[in-house]
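Please read it beside the model.

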Amino acid sequence: MADQLEEWKEYYINYKMMKKKVKQYVQQTQNGGRNREQVLKEFSRMLDDQIEKIVLFLLQQQGHLASRIEKLGEERAVLVEQSDASQVSELREAYREVGVDLMKLLRFVDMNATGIRKILKKFDKRFGYKFTDYYVSTRANHPCSQLQQIFKQVGIVAVVGALSRNLAFLQDHQGNYLSIYDHPSITLKDPIIEQINHSVQKLTHATNLLQFIGQHALIIPEDMQSGSEDNVDDQSYHFMSLLLNLANTFLYMVNTYIIVPTADDYSVSLGAAATVCGVIIGSMAVAQVFSSVYFSAWSNKSYFRPLVFSSIMLFLGNLMYALAYDVNSLAVLIVGRLLCGLGSARAVNRRYISDCVPLKLRLKASAGFVSASALGMACGPALAGLLQTNFKIYGLTFDQNTLPGWIMCVAWITYLFCLWISFKEPDHIARENSVDTPSSDSGHQRIGNLEDGLAQPFLIDAKESLDENGEDNDDNEEDLEDSHKPATSLAAAYRLLTPSVKVQLLIYFMLKFAMEVLLSESSVITTFYFNWSTSTVAMFLAVLGLTVLPVNVIVGSYITNLFQDRQILVASEIMVLIGIAMSFHFTSNYSVPQYVSSALITFVFAEVLEGVNLSLLSRVMSSRLSRGTYNGGLLSTEAGTLARVAADMTITAAGYLGQSSLLNVTLLPSLLICVASIVATFCTYNSLY
């Protein structure tokens with residue numbers, strides 16, 4: 001356990017002893033020597049003792065730090081009347097020394113918090129996922145419990161506040177004293193305070209706007225990452241290449257949603273039913289199920305070539321989509337959309353951010369990825385609403401149905417040209433290719449911790465430290481669990497999923513299913529019930545898309561700092577359920593206010609749900625899924641893509657019952673899946689901490 005401070009060694013959780021106890025309990029229960037209730041109570045007392053030992057030492061150290069800050073405050077009071085710059089500088093350094101010692105204490109807490117989670121997980125694995133639920137539910141909110149002292153650092157936050165206030169005071173000691181209370185928007189630019197704040201955020205799961213938005217990028221943080229391992233420096237970082245990746249994301253989302261307002265009209269013009277729009281829209285997602293895997297694998301060796309291939313496939317797909325009208329072929333139309341799906345390079349875009357962007361910029365880049373996706377989702381329908389024209393050139397038809405294809409053809413050719421002249425293959429890829437070295441997953445071994453954000457992370461994850469001693473890995477099952485080798489197949493990745501992770505993937509499936517049903521059938525539903533024009537449908541979808549960023553600002557800046565992620569998760573699921581229930585056609589008169597309000601509730605809270613869902617997913621997912629081709633981001637993408645496929649196929653299948661039944665028939669699966677996800681969430685609620 002090399003990361004433990006020698007002088008504090010006796011105060012760390014005795015993980016090895018408790019791990020051996022778990023093994024003994026398994027043997028004793030199997031032999032009939034003890035029943036499970038006895039084991040549960042005895043192990044609970046043992047863990048209570050370990051936590052009490054940690055907490056009492058933590059409080060003792062906090063007291064030492066508080067005393068040092070108090071003495072420094074007396075020195076600061078003396079300096080108020082003086083203007084000796086050297087003395088002020090010495091005092092500032094003294095405060096920073098306290099900050100360094102505070103970070104040591106934070107590291108101590110982090111290692112123990114990781115040890116507690118890890119031993120609970122190990123006990124659950126051996127005893128059928130019973131202990132964590134019992135232990136957390138009985139300790140988390142009890143007035144005498146010390147568990148929250150480990151995970152919610154009120155005392156440490158107070159010490160951080162004192163350090164921040166005094167360092168801010170010393171920044172301008174010549175008259176205009178800066179107050180962090182009078183100017184809350186001003187951030188203290190001190191490296192020690194920045195590192196401490198990010199460390200506290202990691203411990204308490206506190207968040208900020210960048211973190212909340214960045215979570216949507218599906219870049220799962222790797223537990224093994226430390227700041228020293230980040231091999232992307234400012235010299236090798238290429239801003240234009242990052243910009244081109246974000247542009248690819250934006251254009252792909254525009255390409256996905258630009259056809260939604262007119263897909264039903266296009267299918268009718270080709271002699272099919274309006275509800276075939278589900279097949280037209282969903283065929284892109286069908287192809288994306290496969291493209292996500294090969295693009296993820298391809299990005300082991302290159303980023304430039306996959307992006308070129310993506311652009312060519314999307315150009316050809318949109319060309320076929322546009323020509324389908326003049327050749328009067330629904331098959332050509334669907335093949336065109338399949339080609340567009342085969343060009344989905346979102347796995348490459350995410351991996352470029354995690355591999356090739358410096359750690360201090362990675363969170364901003366992840367937020368940029370999400371923002372580009374959201375803007376593309378809003379711009380697609382808005383652009384479709386502007387294409388209300390009809391003319392012919394050389395026998396080719398240009399109208400509201402074909403223009404989305406022609407517009408995107410031009411966009412992808414332009415993008416391909418910019419890519420060819422401006423993209424730079426990352427240095428580590430170029431070096432590997434020049435010596436013909438197998439890529440393995442070296443890039444993903446450098447994935448930065450998304451939660452550590454803009455500062456170089458101080459806290460080194462304790463999982464590796466807890467397993468460094470060879471005696472700790474005492475059976476094959478645990479060796480497999482503690483291995484940090486990435487999964488080599490989707491089946492291997494699936495085997496690493498715990499019930500908590502499976503529930504989060506189910507929630508992700510549910511929210512994507514509900515959103516896809518809402519968006520894909522919107523044109524058919526609004527035309528049937530309200531006789532909306534294509535422009536009106538496009539405006540409605542654009543407004544829905546534009547709610548994404550404001551909602552994320554509100555939730556990321558305020559809500560996540562007031563409530564736990566799991567509380568927001570449950571509340572959002574319930575609100576999505578309410579939105580779906582409100583959407584049903586109950587009476588003979590289905591009104592616009594009912595449809596619009598229910599759609600807004602469903603869409604907005606599905607967006608809120610996505611952020612907290614991915615935040616929790618990143619915490620409960622195995623570290624082995626943080627890198628490699630078959631990573632957590634790929635699993636999440638596959639879950640969401642399959643949800644879209646299922647939703648679009650449901651729309652087409654329901655069309656056979658007639659448009660009058662379409663709304664209720666397609667909403668019913670959404671309702672049932674949402675109820676199932678809520679039940680599953682409550683079953684694993686206490687493991688989401």
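Is the crossing of H25 and H28 left-handed or right-handed? The crossing of H25 and H28 is left-handed; a crossing has this hand if the near helix is turned anticlockwise from the far one by less than a right angle, and is right-handed if clockwise. The model is predicted, so local features need pLDDT of at least 70 and side-chain atom pairs count only at pLDDT 80 or more, while totals for chains, interfaces and linings use all residues. Residues are numbered from 1 along each chain as its sequence is written, and side-chain values use heavy atoms, with hydrogens and water left out.

**Whole chain**

- The chain has 28 helices and two strands, taken as DSSP runs numbered from the N terminus (helices H or I, at least four residues; strands E, at least two).
- Of its 689 residues, 58% count as buried (buried is under 20% relative accessible area, exposed over 50%, partly exposed in between, with a 1.4 Å probe and protein chains only).
- The accessible surface comes to about 27,700 Å², and 60% of that belongs to carbon and sulfur atoms (Shrake-Rupley method, 1.4 Å probe).
- Among contacts (heavy atoms within 4.5 Å) between residues at least 6 apart in sequence, 85% join residues at least 24 apart.

**Helices H25 and H28**

- The axes of H25 (residues 565-583) and H28 (residues 659-683) come within 9 Å and cross at roughly 160°; axes are lines fitted to C-alpha atoms, for helices over the stretch in contact, and angles run from 0 to 180 degrees between N-to-C directions.
- On the H25 side the contact includes Leu569, Val570, Glu573 and Ile574, and on the H28 side it includes Leu663, Leu667, Ser670 and Leu671.
- The residues of the contact of H25 with H28 divide into 14 nonpolar, four polar and one charged (Ala, Val, Leu, Ile, Met, Phe, Trp, Tyr, Cys and Pro count as nonpolar, Asp, Glu, Lys and Arg as charged, and the others, Gly among them, as polar).

**Helices H11 and H13**

- The axes of H11 (residues 277-298) and H13 (residues 330-342) come within 6 Å and cross at roughly 35°.
- The crossing of H11 and H13 is right-handed.
- Among the residues making this contact are Val279, Ile280, Tyr294 and Phe295 of H11, and Leu330, Leu333, Arg337 and Leu342 of H13.
- By class, the contact of H11 with H13 has 14 nonpolar, four polar and one charged residues.

- Phe309 lies in helix H12 (residues 304-327) and is partly exposed, with a relative accessible area of 29%.
- Not counting residues up to four places away in sequence, Phe309 touches Tyr294, Phe295, Trp298 and Leu342.
- The C-alpha atoms of Phe309 and Ser344 are separated by 9.7 Å, at 35 residues apart along the chain.
- Leu396 lies in strand E2 (residues 396-399) and counts as partly exposed at 28% relative accessibility.
- Leaving aside neighbours within four places in sequence, Leu396 is in contact with Leu323, Asp326, Phe391 and Trp406.

**Positive phi in loops**

- Asn328, in the loop between H12 and H13, has a phi near 55°, a positive value in a residue other than glycine.
- Asn328 counts as exposed at 53% relative accessibility.
- Asn531, in the loop between helix H22 (522-530) and helix H23 (534-546), has a positive phi of about 60° although it is not a glycine.
- Asn531 is exposed, with a relative accessible area of 64%.
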